[in-house]
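Have a look at the structure first, then go through the points in order.

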Amino acid sequence: MATIWRFGADVNTDQIVPGRYAPYMTSEAELPTFAFIEARPEFAKTMQRGDLIVAGRNFGCGSSREYAPLALKLLGVGAIIAPSFARIFFRNALNLGIPLFEADLTHLADGATATLDRATGIVTSGGETITLPPPAAWIREVWEAGGIVPYFRTHGHFPGQAGN
Amino acid sequence: MAQTLAEQILSHAAGYSVQAEDVITASVDLVMAHDSISPSIIKVLREELQAPRVWDPERVALVVDHVAPASSIQTAEAQARLRRFAREEGIGHLFDVGRGISHQVLIEERLARPGMLIVGSDSHSTAYGAVGAFGTGMGTTDIALALATGQTWLRVPETVRIRATGRLQPGVGAKDLGLYVARMLRADGATYRSVEWHGVDFLSIGDRMTLATLSIEVGGKAGLIPPTGPAAADLDVPNWLRVEEGAHYEQTLDVDLALLTPQIAMPSYVDNVADLADVGRVAVDVVYLGTCTNGRHEDMATAARILRGRRLAPGVRMLVVPASSQALELAIADGTLTTLLQAGATIGTPGCGACIGRHMGVLAPGEVCLFTGNRNFRGRMGSPESQIYLGSPAVAAATAVTGYITDPRELEAVDEAEALFA
Ligand code: SF4
């Protein structure tokens, strides 16, 4: 069972990891402990691997800092589900192999328990079963490879290029 | 078929005609990386990708701007590593401490040119749209891959067109237009889209950079200003790059510039924008003039015009951090700097300064800052208990004089009244 961590709309990368806590300024080993350090200090301390982030629209707006999604990956966030993602965050998370689903689950309560089957996109929570819209095939391929670097090393090209 | 500027540039970069929604692999013309992210880029390049060399050292620009000069042993060491990397790779375009903010420097050095596809390790890489280049920000892994291969993958964006008509009133500037567009489109109004700014041919390249950098604040993948008008006259524009009749715009926002008044983004979202007139009396502790959005010579000169013969309000600090050494030189040459110093301002090393709250003017809990930058997120410039309001350089200067957020036109009215009685 995973726990749902509910966030609002327009969560920005300065909230996910403030610039002052960048690996450049601190240390890479500590990075996961800085996730939401000011916006939601209990997050990094108490979340469990596989927990789900459920947020409002435009998740991850702001800076291009990849250490924001990296901190979430290192903590073991199971997936991020939001109606929409900011572009650079979407790319960075995809590149790191973090599953993102574009769906509005903001009716689910903070702290609720849930399960997510990443392969089918089926979420169950409190007796409710929701099927998340499947990502494009090439996006799934990148996740399955474990991110863009392993994808590139296996395929020798970028996604979308295969058929060209 | 008629294409948007984004489609034209990405067609060129892909080597075939592309249109919105295509997922393409494109050749990049220039890759920019700055000090803040370079340690992780070098690591991914060397360790994960095991790339022995960058694909083309001529088409790489490295800039030390985010913590310049270094604030700690750790940042100093990372910068030393970046210099070593530049030497190992034979990268000549290394712009070290004090040269300025990456985006400003690449445009001054004419490394960013019309029609190019430029990827940068910084979300405000949309800045290159000021000269008609498709500039876009990416993270560590994407930049490392671009350095290794000279290529990147992209989804060709749809375009949102801003169609401006009329002329700006005195005291109102490009920043007010940018903030007004954020107010109308909201922070995600152009997510995955290119923002094309029409009707701004009269603007300087610097003012165009203000609009191009603010394009990411509405989610834009790129922010393109057509490279036409007097300020673009000496740019080398490829003949295939021009606004085409019949290109498809997903959305058009019309703005009558003559009706625009000074705009303020209130804490803590860039799209939380109101007319300055409706903001009320907000006392400030700090006025910060700088960044890739508004730290150029013309921005300092605008502030100096208002500050000439005046002093900062008691208890107000004003930090001026020029966007580049060239901007600083110009400000010295024409007396702008002297005016700012005489008014009581403090000058920082050209670069990003306190824009991301790392050094050179970090805010204390409870402090309020009027900032000419582009983001007012909670904790961006220091304490999460500080508050950031975004405004234009003219508003910044007027605010520094009175100590509360002030419409520069009010001060000008005072000047005129004084002149009458002189
Ligand atoms: S000035 Fe601020 S917004 Fe611009 S590149 Fe530097 S840190 Fe980023």
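1. A definition before anything else: I call a residue buried under 20% relative accessible area, exposed over 50%, and partly exposed in between, using a 1.4 Å probe and protein chains only. On the ground rules, this is a predicted model, so local features need pLDDT of at least 70 and side-chain atom pairs count only at pLDDT 80 or more, while totals for chains, interfaces and linings use all residues. Residues are numbered from 1 along each chain as its sequence is written, chains are lettered from A and ligands numbered from 1 in the order in which they are written, and side-chain values use heavy atoms, with hydrogens and water left out.

2. Start with B:His103. Is this residue buried or exposed? B:His103 counts as buried because its relative accessibility is 2%. Helix α4 of chain B, residues 102-108, is where B:His103 lies (helices are DSSP runs of H or I with at least four residues, strands are runs of E with at least two, and both are numbered from the N terminus).

3. What surrounds B:His103? Taking contact as heavy atoms within 4.5 Å, and skipping neighbours within four places in sequence, B:His103 is in contact with B:Met32, B:Asp122, B:His124, B:Ser125, B:Ala127, B:Tyr128, B:Met209 and B:Cys292. The side chains of B:His103 and B:Tyr128 are also joined by a polar contact of 2.8 Å. Polar contact here means a pair of N or O atoms within 3.5 Å; within protein, one must be able to donate a hydrogen and the other to accept it, and residues adjacent in sequence count only if both atoms are side-chain atoms.

4. Now the cores. A nonpolar core is a set of buried Ala, Val, Leu, Ile, Met, Phe, Trp, Tyr and Cys residues joined through side-chain atoms within 4.5 Å. The largest one has 102 residues, and A:Phe36, A:Phe43, A:Phe59, A:Leu72 and A:Ile80 have the most contacts inside it. Helix α1 of chain B (residues 5-14) gives the largest share of this core, 6 residues. B:Tyr128 turns up again in a second, separate core of 43 residues, which also includes B:Val172, B:Ala190 and B:Leu253.

5. α1(B) deserves a look of its own: 9 of its 10 residues are buried, among them B:Leu5, B:Ile9 and B:Leu10. The helix is followed by B:Gly15, whose phi is positive, near 90°.

6. On to the interface, where 44 residues of chain A are in contact with 51 residues of chain B. The two chains bury about 4000 Å² between them, 53% of it on carbon and sulfur atoms; buried area is the accessible area (1.4 Å probe) that two parts lose on being put together, summed over both. In chain A, A:Tyr24, A:Arg87 and A:Arg91 lose the most area to chain B, together 23% of what that side buries.

7. For salt bridges (a side-chain nitrogen of Lys or Arg within 4 Å of a carboxyl oxygen of Asp or Glu), the count between the chains is 4. A:Arg57 forms one with B:Asp188, the closest N and O atoms being 2.7 Å apart. On the side of chain A that touches chain B, α4(A) supplies the largest share, 8 residues.

8. Finally, A:Met1 sits in the segment before β1 (2-6) of chain A. A:Met1 is exposed, with a relative accessible area of 78%. Residues up to four places away in sequence aside, A:Met1 touches A:Thr113, A:Ala114 and A:Thr115.
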